[in-house]
Amino acid sequence: MWAVVAKETGGSDVLALVNIEIPIPGEGQVLVKVEACGVCRHDVLVRQGVFRQNVSYPVILGHEISGEIVSTGKKIKKFKTGDRVVCLPWSNLCHVCKYCQTGRNASCPDAVLIGDTGLNGGYAEYVIIDEYNLVKLPDQIPCDEASFISCAIGTVFNGVIDIGKVTPRDTVLVTGANGGLGIHAIQLALLSGARVIAHVTSADAMDELIDFGVDKVIFTDRGEDFSPIIDDLTHGNGVDVVIDCVGTPVFRPVLKSMAQYGRWVLCGQVTGDFVKFSPAQIFLKGINLLSTYGSTKEHLESSVRLVKDGKVKPVIAKRFSLEHAKDAHNALESGGNAGRIVLTISGENL
Ligand SMILES: [Zn+2]
Ligand SMILES: [Zn+2]
C-alpha cells in the first residue's frame, strides 16, 4: 500500500510517499481502507519533534480517520466488511483503569494515539483499528467530513456541552473561531441557544461565521486587546463562557472579558509561550478555569448524530491527495485556513 512516512523529525520534507506491506489486523481489530484523514496540528508537532510523548519513528501520521472495513479479525462481533466507519483516535486501551471505566480513554496509561507510533496511521491506504474505536458512519455523512469528527467536533462538544455547560442564558466568546476547533465550537454554542461572539485574527470565513448565526465577529491582530469591544457588546458585563482555542496570545484580553463567575474553557494552545497571572485575578471574579482533553466515544457518537441530523456542519478548509501530504502540512503551518484540512485517499490517484 502507499503511505506517507516520516522517518525522522523535521520540516515537511521528511514526509515521504513509500510503498509498504498492508498490515494484518489482530483478533480484535479490523483493517480499514482509509477514505479520508484529517490533518491535525498534533501531526505537525509530531513531525517537528515538538511532541514526543509515546512517539516512535518511522511513523505514519494521522489519527482522524474514516473509511471502509475491508477485513476483520476473528473476534470482531459488531462490525463487518463493507461497513463505513469513523474512529476514536486512542488505541490499545486497557478497558479496566479508572479512566477507561469512565470513558476518558485519552488518559488510559496504555493508550496510544493512532498515528504516533510506528507504521499504523491514517496517512495511508489502509490502517488497523481496534473494534472498540469504531463508530458506524451513517450514509448521509461523506468520509471527508466524517474524518475529523472525533478530534475537531468531539473535543469542543466536550468543551461546550459537558465542561462549559452552555445555556441559552449565556453569552459565549469563541477564540480562534475560524480554526478547526473554533468553527465547530461556535456551532455547538449556538445549538445550545447561547449568544455567540467570535474572535478571529484572520479574515477567513468571517461571512461563514455570520451565516452560522454568530452575533458579532471581532477581527483584530494577534495579541491585540479586544476586551473594550467585548465590554461594548455586553454592556460592561463581560462574557459568561469562553471557549478558548488559542491560549497564550489571547490570555490577557480574555481575562479582562470574563463576566463575574464566568466559565473559561481552555481547548487549545497555538504557541509555546507561558503566561503570568495572579490567582487573585481569577478568584476575585469567581472565574471557573476549566479545560478539555480530547473526546470520549460518547462524544464521538453524539457528534456523529448531530452531523447526521444537519445540526453541525463539519467545515473543510482544503482537500489534498495523499501524495500531497507535505503541501497539506505547509498549508496548515501557514495558517489562514477556516476549518480542517483533509487528506482524501484513493488508490487510483497514486
Ligand atoms: Zn486531531
Ligand atoms: Zn485504561
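The model is predicted. One zinc ion (ligand 1) is held by Cys40, His63, Glu64 and Cys151, and another zinc ion (ligand 2) by Cys94, Cys97, Cys100 and Cys108. Helix H4 (residues 149-163) contains Cys151, and H4 also meets helix H5 (residues 182-191) and helix H10 (297-308).

**Zinc ion (ligand 1)**

- The protein donor atoms of this zinc ion (ligand 1) are SG of Cys40, NE2 of His63, OE of Glu64 and SG of Cys151, at distances of 2.0 to 2.3 Å.
- The arrangement around the zinc ion (ligand 1) is tetrahedral, because its 4 donor atoms subtend angles of 97 to 119°.
- Along the chain, the donors of the zinc ion (ligand 1) have the spacing C-x22-H-E-x86-C.
- His63 belongs to the loop between helix H1 (41-48) and strand S4 (64-72), while Cys151 belongs to H4, so this pair ties together parts of the chain that are 88 residues apart in sequence.
- His63 and Cys151 are both buried.

**Zinc ion (ligand 2)**

- Four cysteines, Cys94, Cys97, Cys100 and Cys108, coordinate the zinc ion (ligand 2) through their SG atoms at 2.3 Å.
- The 4 donor atoms subtend angles of 102 to 121° around the zinc ion (ligand 2), and the arrangement is therefore tetrahedral.
- The donor residues of the zinc ion (ligand 2) follow the sequence spacing C-x2-C-x2-C-x7-C.
- Val96 lies in the loop between strand S6 (90-91) and helix H2 (98-101).
- With a relative accessible area of 64%, Val96 is exposed.
- Between Val96 and Leu45 there are 30 Å in space, C-alpha to C-alpha, and the two are 51 residues apart in sequence.

**Contacts of helix H4**

- H4 and H5 have axes that come within 9 Å of each other and cross at roughly 45°, which makes H4 oblique to H5.
- The crossing of these two helices, H4 and H5, is right-handed.
- On the H4 side, Ala152, Ile153, Val156, Phe157, Val160 and Ile161 take part in the contact, and they meet His184, Ala185, Leu188 and Ala189 of H5.
- The axes of H4 and H10 also come within 9 Å, crossing at roughly 100°, and H4 and H10 are therefore roughly perpendicular to each other.
- In this second contact, Ile149, Ser150, Ile153, Gly154, Phe157, Asn158 and Asp162 of H4 meet His299, Leu300, Ser302, Ser303, Val304, Leu306 and Val307 of H10.
- Ile153 and Phe157 of H4 take part in the contact with H5 and also in the contact with H10.

- H5 is mostly covered, with 8 of its 10 residues buried.
- The buried residues of H5 are Gly182, Ile183, His184, Ala185, Ile186, Gln187, Leu188 and Ala189.
- Besides H4, the elements against which the buried residues of H5 pack are strand S10 (171-175), strand S11 (195-200), helix H6 (206-212), strand S13 (239-244) and H10.
- Gly193, with a positive phi near 90°, follows H5.

**Helices H1 and H11**

- The axes of H1 and helix H11 (residues 325-334) come within 10 Å and cross at roughly 105°.
- H1 and H11 are therefore roughly perpendicular to each other.
- Arg41, Asp43, Val44, Arg47 and Gln48 of H1 make this contact with His329, Leu332 and Glu333 of H11.

**Backbone features in loops**

- The peptide bond joining Tyr57 and Pro58 is cis, with omega about -5°.
- Pro58 is located in the loop between H1 and S4.
- Lys165 is not a glycine, yet its phi is positive, at about 45°.
- Lys165 is placed in the loop between H4 and S10 and counts as exposed at 55% relative accessibility.
- His235, also not a glycine, has a positive phi of about 50°.
- The loop between helix H7 (227-233) and S13 holds His235, which counts as exposed at 73% relative accessibility.

How values were computed. Residues numbered from 1 in each chain as written. Chains lettered and ligands numbered in written order. Predicted model: local features only at pLDDT ≥ 70, side-chain atom pairs only at ≥ 80, totals over all residues. Heavy atoms only, no water. Donors = N, O, S within 2.8 Å, 3.2 Å for Na, K, Ca; no water. Tetrahedral: all angles 85-135°; square planar, octahedral: opposite > 155°, others 65-115°. Helix = DSSP H or I, 4+ residues; strand = E, 2+ residues; numbered from the N terminus. Buried < 20%, exposed > 50% of the residue type's maximum accessible area, 1.4 Å probe, protein only. Axes fitted to C-alpha atoms, helices over the stretch in contact; angles between N-to-C directions. Parallel < 35°, antiparallel > 145°, perpendicular 65-115°, else oblique. Left-handed = near helix turned anticlockwise from the far one by under 90°. Contact = heavy atoms within 4.5 Å.
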